[in-house]
Amino acid sequence: MASLAFYHCFPRFNKKRSAEVTSKLGLKTLSLILEHGLLLTPEEQIAGGVELRSSRICFTALQSQDLWRHSIRFGQFAIEYSIEDFLSLGALPAIYLPVRAAGA
């Protein structure tokens, strides 16, 4: 059985972009990540009348054999962290539920 890890795939699939351009963009993004680190983007939300602001980057928990399927939509390049390393860096897992599962 493959182990579970966290993956960030890029660049996200775009029908208007050729495979060659996508590969160049992926290599450029990887180069920038290596030079500057991961980019955490701000997100603002209002919950219970309170304004919340957090910086985040999205990683997905996958077994390695499922990465190929995920990368079709989210990008052919991937960064992988073990769960232990990811949590030791201060990552906080989030769970997204479909509207039906949330009772709405």
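## Salt bridges, cysteines and a buried threonine

Glu20 and Lys24 are joined by a salt bridge, with 3.4 Å between the closest N and O atoms; the term stands for a side-chain nitrogen of Lys or Arg within 4 Å of a carboxyl oxygen of Asp or Glu. The model is a predicted one, in which local features need pLDDT of at least 70 and side-chain atom pairs count only at pLDDT 80 or more, while totals for chains, interfaces and linings use all residues. Residues are numbered from 1 along each chain as its sequence is written, and side-chain values use heavy atoms, with hydrogens and water left out.

Glu20 and Lys24 are four residues apart in helix 1 (residues 19–36), and so about one helical turn separates them. Helices here are DSSP runs of H or I with at least four residues, strands are runs of E with at least two, and both are numbered from the N terminus. Glu20 is exposed, at 53% relative accessible area, and Lys24 is likewise exposed, at 54%; in these terms, buried means under 20% relative accessible area, exposed means over 50%, and partly exposed lies in between (1.4 Å probe, protein chains only).

In total, the structure holds three salt bridges, which are set out below.

| Salt bridge | N to O distance |
|---|---|
| Glu20 and Lys24 | 3.4 Å |
| Arg53 and Glu44 | 2.6 Å |
| Asp66 and Arg69 | 3.6 Å |

In the bridge between Arg53 and Glu44, Arg53 is exposed at 59% relative accessibility, and Glu44 is exposed at 52%. Asp66, which meets Arg69 in a salt bridge, counts as partly exposed, with a relative accessibility of 26%.

What is the count of disulfides in this model? A disulfide is a pair of cysteine sulfur atoms within 2.5 Å, and by this rule the count is zero. The closest cysteine sulfur to that of Cys9 belongs to Cys58 and is 12 Å away, which is too far for a bond. Cys9 is buried, with a relative accessible area of 9%, whereas Cys58 is exposed, at 53%.

Helix 1 also contains Thr22, a residue that counts as buried at 12% relative accessibility. Apart from neighbours within four places in sequence, Thr22 is in contact (heavy atoms within 4.5 Å) with Pro11, Arg17 and Phe77. With Arg17, the side chain of Thr22 makes a polar contact to the side chain at 3.2 Å. A polar contact is a pair of N or O atoms within 3.5 Å; within protein, one must be able to donate a hydrogen and the other to accept it, and residues adjacent in sequence count only if both atoms are side-chain atoms.
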